[in-house]
Structure formats: structure tokens, C-alpha cells
Amino acid sequence: MAGGEGKFSCTQAALSVLEYDTLKTVHIKSKKVGLIFRILQLVILGYIIGYAIIWQKGYQAADQAVSTVYSKVKGVAVTCNDLNVTSIRNCSDSDIRVWDTADYVIPPQESNAAFIVTNSVQTSNQTQQPGGWPEDPDASTKGSQRAYTCEKNADCEAVRFSPSRNGAVSGKCDLATKRCMVYGWGPVELSKDDDASQVLGYPRQMPQVKNFTMFIKNTIFFPHFQRKFGNTGLGNSSASYLKSCLWNESTDRYCPVFRIEDILSAAGVKSFEQDVMMAGAVITVQIRYDCNLDKNVETCAPEYRFTRIDEPNNTLSNGFNFRFARYAIGEVPSRDLYKVYGLRFVFIVSGTAGKFDFVPLLVTFGSGLGLLSLATIVADLLVTKCLRNAEFYYDRKYEIVNEDEVEGEAINVTIRQKPEEDTPLLH
Ligand SMILES: *[C@@H]1O[C@H](CO)[C@@H](O)[C@H](O)[C@H]1NC(C)=O
């Protein structure tokens with residue numbers, strides 16, 4: 001029985017390949033419906049042509065730029081090594097310390113970034129001596145950056161070589177500060193110096209940095225179109241202009257030389273001295289190119305956007321700082337330890353170029369055409385649900401088949417599943 005039936009449906013399936021289905025169409029002669037349908041089609045066509053193709057430049061092939069940036073900072077800053085003066089004018093000749101480009105740009109060349117010192121804490125002539133050094137008396141005695149407290153040498157002996165704030169515990173107690181001495185570079189950096197550096201007027205702060213200028217040179221290349229662009233030589237490219245100009249959003253937007261304070265105020269920094277000089281900051285310099293190579297332009301100009309991305313209100317660690325040492329070679333190796341605060345600029349270049357091409361045009365148009373079926377769906381809904389004669393249209397469009405009418409068929413199915421009963425429909 002089952003075999004015969006299987007053969008039957010197999011033949012049936014094979015034969016169905018040789019059949020053809022066509023859709024029955026209901027043609028509605030209604031001006032209202034026709035108008036709605038055409039308007040919907042027009043809106044969708046308008047979207048495809050007006051928005052996707054023309055406005056979004058769907059007719060263009062796109063290319064992403066590869067780029068390189070370097071920067072040069074100019075300016076001179078003066079600080080005072082005598083930490084008791086409150087104004088640089090009171091600094092004695094022998095304590096004056098001048099910082100030039102080679103001093104305050106650290107490291108001298110970085111790819112896609114630049115750092116300028118604006119404030120520093122210096123611990124000079126550190127050496128490593130047998131017996132170690134007294135630990136910072138203000139160092140915390142808790143946490144990972146701890147110093148060990150003691151009453152007698154035995155207290156320190158117990159934790160010998162444990163990492164302390166500024167070195168490794170030596171095993172001797174410094175009775176003056178009640179803290180274990182440390183092996184390492186000393187005299188150690190004192191946190192009271194660091195605290196003093198965060199008060200306006202500290203003689204190693206460098207207010208002159210806000211008047212420094214930064215020349216940003218950037219070139220971009222579109223590998224697909226084999227075209228090169230850059231941020232120099234736009235607009236007025238005479239040598240005398242480039243030597244003296246300063247970038248300004250509205251009047252000198254092609255000038256590649258930026259005053260630091262202009263960058264900071266474009267990034268939303270209100271006061272150089274109050275907000276960034278003491279603790280430092282991280283600023284992104286976004287350089288954006290959007291080139292339309294169909295227009296007859298030889299150049300396409302960048303747009304700059306500046307954002308401060310460190311969190312100034314972060315209590316754990318705000319701004320930007322790091323430590324480094326300058327070593328002196330002598331009988332006993334020695335070094336000057338610097339903790340520097342400053343401005344880190346991060347350059348982010350993005351460039352896109354578009355040029356007419358048939359393939360993207362066809363792709364945009366083709367994918368847009370798919371949307372046209374929306375017009376049919378919406379018009380169908382309107383006609384069969386919303387219009388005044390909706391029910392009439394509905395009846396003409398949909399042939400309703402009730403379950404009652406197929407009941408006979410359903411009974412036969414149940415009968416067939418019971419083998420003990422005789423079933424007239426088997427033949
Ligand atoms: C920055 O430049 C302005 C104008 O040239 C000058 O008046 C000001 O004193 C300078 N500021 C510092 C801190 O050097």
C-alpha cells in the first residue's frame with residue numbers, strides 16, 4: 001500500500017516539473033487607488049535616484065586613503081630650578097633653565113603623535129649606593145605603591161627585598177621617618193614635590209607652551225585612483241604666507257601651522273594654565289578629507305577637528321604624564337629622574353574619495369528597485385483594508401476557501417491512517 005502510494009507521488013512530483021503557474025491579476029479601475037499606487041512608486045523612485053544615487057553619490061566608486069603625518073613644534077620655555085620663587089622674574093641667573101624643541105618634545109619623532117612637556121618634577125643626581133636610601137616620608141603605607149613602616153631594623157629585615165614605593169626594602173629602619181630604607185635610585189622622588197607641581201605658580205611649569213606653534217604636515221594617497229593630496233600648498237601657498245600664517249577655522253583654514261592655545265580652545269579647553277598645563281592632557285587631531293574626483297578640482301582640502309579625550313575629572317589619574325631618566329656616565333652611574341606632564345597630540349587621518357563608475361551605479365539602482373515591491377504591498381493593504389469599498393476589493397482579490405469545504409478530504413486522511421478499516425479511496 002505504502003509503496004504504491006510512494007510511486008504515485010513520485011510520478012506526480014516528476015510531472016509537476018512540466019507544469020506552469022501564472023499569477024491571476026486583479027485589475028482595479030479606480031483613479032484613487034491608481035493615483036496612490038503611482039505616488040508611492042514615485043516616492044520610492046525619488047528615493048532611489050534623488051537620495052541613494054545623487055545625494056549619497058551611489059554612482060561613485062569609493063577609495064580609502066593611506067596617510068602619513070609628522071609635526072614640528074616651535075617655541076622656547078623658561079623655568080626656574082629654584083623651587084621657592086613664585087615668579088620667573090625673581091629667578092636668579094644661575095637657576096634659569098631654558099627648554100627648546102629638543103628638550104620638550106619627547107620622543108623627538110613619533111609616528112602619528114607628538115608630546116610636549118608643560119610641567120615637570122625633577123629629581124637630580126640619583127645614584128644607587130650601598131645601604132640604600134631613606135624612603136619618601138609621605139609615601140602611603142597601604143596599597144601596591146606602599147612604603148613599609150618600622151620601629152627597629154628587625155621590622156625591615158623581615159620584609160627585605162619587598163618592593164617598596166621607590167625601591168626594594170633594604171632591611172634597615174630609618175628612625176627619622178619610621179620607614180624602611182630602600183635599595184634603588186636615590187635620593188628618591190618625593191611626593192611633596194609632585195603635589196607642589198600641581199599648584200599654579202610652580203617654577204617648573206611652562207605657561208609659554210600655549211604660544212608655541214605646531215606645523216602639521218600630512219599627505220594622503222588613494223591607491224585605487226593613484227592620486228595624492230595633502231594639507232600644505234592649499235589656498236595661498238606662497239612661502240612668505242606659510243612662514244607667518246596661523247591656522248584659523250574661519251580666516252586661515254588652509255594654513256598648516258597651529259598655535260597650541262588655538263588647538264586647545266577648539267578642543268573645548270577653557271584655560272591653558274588651569275585646565276591642562278599642570279596635569280597634562282590628550283588631544284586628538286582629526287584630519288578629514290572627503291574628495292569628489294568627478295569635480296574638476298586638482299586638490300581636495302582637509303577639515304580639522306580637535307577633541308580632548310583624556311578625562312579631566314578622573315580622580316585616580318587625570319591628564320597625561322610619564323617618567324624618564326637621563327643618565328650620566330661617571331665613576332658611579334647617576335641619573336636625573338623626570339616626571340613630565342604635558343600635551344599628547346594624537347593625529348587621526350581619514351580620507352575617502354569617490355569617482356564615477358558604472359558598477360556601483362548599477363548596484364545602487366538594482367538594490368533600490370527591490371524597494372518598489374513595497375509600493376505594491378502598501379497599495380494592496382490600502383485597497384483591501386482602508387478604502388471605502390475595501391471589503392468589495394478584498395472579495396475580488398482573495399478567493400476564500402473554508403475549512404468546511406475541505407472536510408471531506410480531511411476525513412479521508414484519517415481513514416487512511418487506520419489500516420483495519422476498509423477504505424474506499426485506496427483505488
Ligand atoms: C603669548 O603671546 C602673547 C601675544 O604675543 C603675549 O602677550 C603673552 O605674554 C604670551 N604668553 C606667554 C605665557 O608667553
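Start with the largest nonpolar core: it has 42 residues, and Ile116, Val209 and Ile283 have the most contacts inside it. A nonpolar core here is a set of buried Ala, Val, Leu, Ile, Met, Phe, Trp, Tyr and Cys residues joined through C-beta atoms within 7 Å. Buried means that 20 or more other C-beta atoms lie within 10 Å of the residue's own, with C-beta atoms placed from the backbone. This is a predicted model: local features need pLDDT of at least 70, side-chain atom pairs count only at pLDDT 80 or more, and totals for chains, interfaces and linings use all residues. Residues are numbered from 1 along each chain as its sequence is written.

Strand 16 provides the largest share, seven residues. Helices (H or I, at least four residues) and strands (E, at least two) are DSSP runs, numbered from the N terminus.

**Val209.** Next, pick Val209. It touches Gly75, Ala77, Ile116, Thr118, Ile260 and Met277, leaving aside residues up to four places away in sequence. Contact means C-beta atoms, placed from the backbone, within 7 Å.

**Strand 13.** Now show residues 281-292. Twelve bridges join strand 13 to strand 16 (residues 334-356), and the two run parallel. Strands count as paired if DSSP finds at least two bridges between them. On this side, find Cys291 opposite Ala353. Strand 13 also pairs with strand 14 (residues 303-308), antiparallel, over six bridges. There, Ile287 stands opposite Tyr304.

Move to the open sheet with the order 6-7-8, paired antiparallel. Strand 6 (163-164) and strand 8 (179-183) are its edges, each pairing on one side only. Two bridges tie strand 6 to strand 7 (residues 167-174). Look for Pro163 opposite Ala168.

**Two domains.** Colour domain 1 (28-57 + 359-421) and domain 2 (63-126 + 203-356) separately. These bounds come from an automatic or database domain assignment. The C-alpha centres of the two domains lie 61 Å apart.

**Annotated spans.** Finally, select 35-55 and 358-383, which an unreviewed UniProt entry lists as "transmembrane region". UniProt positions are in the numbering used here, feature names are shortened, and annotations may be inferred rather than shown by experiment. Residues 35-55 are 100% helix and 0% strand, with end C-alpha atoms 27 Å apart. Residues 358-383 are 92% helix and 0% strand, with end C-alpha atoms 39 Å apart.

How values were computed
A residue is buried if 20 or more other C-beta atoms lie within 10 Å of its own, exposed if 12 or fewer, and partly exposed in between; C-beta atoms are placed from the backbone. Two residues are in contact if their C-beta atoms, placed from the backbone, lie within 7 Å.
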